[in-house]
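Good morning, and thank you for joining this meeting. I would ask you to have the sequence and the structure in view while I speak.

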Amino acid sequence: MKNLLVISYLFPPAGGTGTVRVSKFCKYLQNFGWKPVILTSYATGVSIDIGALKGISADICIFRVPGLLMRQFTRQYNIDSNRKKERKSQNQKLNKRENVKTRLYKTLKSFIFDYFIIPDVDIFWAPFATLKGFLCIKKFNVQAIFATGPSWSSMLVGYILKKLT
């Protein structure tokens, strides 16, 4: 059986539609002669669905890699994919007496997340995932890499691993 490295930021027990797609994909890969080796993150800051692991075979290796918890940070401070739309509505609600220092802080925070956290807030997971992925490729003699998103950082990890091996 050939080994396939599957890179997905979210994988069961993390909940959501994206996890269902990748878990079903991994479930049926074995019918076609591929054994998935899964590289994912710890399920932090997302909903948990324990039942989603029921369809996954026990002999599939799942490696969970920690990263900086930027996803939780962004939720705590209301920074998400609709940042510009949200910022516009917040600016309309600003009180005229609002402190200049507070407005400067909000503007700087938005600027940093819009232009430096690329491709997404999960980028801080990528260095740890790349290292673990490289070790998995060597240990399991992986023949192919499959990266899925969103999170687009997973695609970046897949690209870097392709170039390294």
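As general background, nonpolar side chains in soluble globular proteins tend to be buried together.

Please keep in mind throughout that this is a predicted model.

Which residues are in contact with Leu5, leaving aside its neighbours within four places in sequence? They are Val37, Leu39, Gly133, Cys136, Ile137, Val142, Ala144, Ile145, Phe146 and Leu161.

I turn now to the overall plan. The protein has six helices and four strands. Along the sequence, they follow the pattern β-α-β-β-α-α-α-α-β-α. Of the 165 residues, 37% count as buried. The accessible surface comes to about 10,300 Å², and carbon and sulfur atoms account for 60% of that surface. If we consider contacts between residues at least 6 apart in sequence, 80% of them join residues at least 24 apart.

Next, the sheet. In what order do the four strands of the open sheet stand? The order is S3-S2-S1-S4, and the pairing is parallel. Strand S3 (61-65) and strand S4 (144-148) are at the edges with a single partner strand each, so one side of each has no neighbour in the sheet. From one strand to the next, the twist averages 20°.

Strand S1, residues 2-8, runs parallel to S4 and is joined to it by five bridges. Within this pairing, Ile7 has Ala147 in S4 as its bridge partner. Helix H1, residues 17-29, packs on the sheet, where it touches S1, strand S2 (34-41) and S4. The direction of H1 makes about 175° with that of S1. Helix H5, residues 126-140, lies across S1, S2, S3 and S4, and runs at about 155° to S3.

Two individual residues deserve attention. The former, Thr148, is in strand S4. Is Thr148 buried or exposed? With a relative accessible area of 6%, Thr148 is buried, because buried means under 20%. The side chain of Thr148 makes a polar contact, at 2.9 Å, with the side chain of Arg21. Setting aside residues up to four places away in sequence, Thr148 touches Ile7, Ser8, Arg21, Val22, Ser154 and Met155.

The latter, Ile123, is found in the loop between helix H4 (100-115) and H5. Ile123 has a relative accessible area of 17%, and therefore it too falls under the 20% limit and counts as buried. Which residues does Ile123 touch, not counting those up to four places away in sequence? They are Ile117, Ile118, Ser153 and Leu156. Ile123 and Leu156 are 33 residues apart in sequence, while their C-alpha atoms are 8.7 Å apart in space.

Thank you for your attention.

Definitions and conventions. Residues are numbered from 1 along each chain as its sequence is written. This is a predicted model: local features need pLDDT of at least 70, side-chain atom pairs count only at pLDDT 80 or more; totals for chains, interfaces and linings use all residues. Side-chain values use heavy atoms; hydrogens and water are left out. Two strands pair if DSSP finds at least two bridges between them. Helices (H or I, at least four residues) and strands (E, at least two) are DSSP runs, numbered from the N terminus. Axes are lines fitted to C-alpha atoms, for helices over the stretch in contact, and angles run from 0 to 180 degrees between N-to-C directions. Contact means heavy atoms within 4.5 Å. Buried means under 20% relative accessible area, exposed over 50%, partly exposed in between (1.4 Å probe, protein chains only). A polar contact is a pair of N or O atoms within 3.5 Å; within protein, one must be able to donate a hydrogen and the other to accept it, and residues adjacent in sequence count only if both atoms are side-chain atoms. Accessible areas come from the Shrake-Rupley method with a 1.4 Å probe; for residues, only the protein chains shown count as cover.
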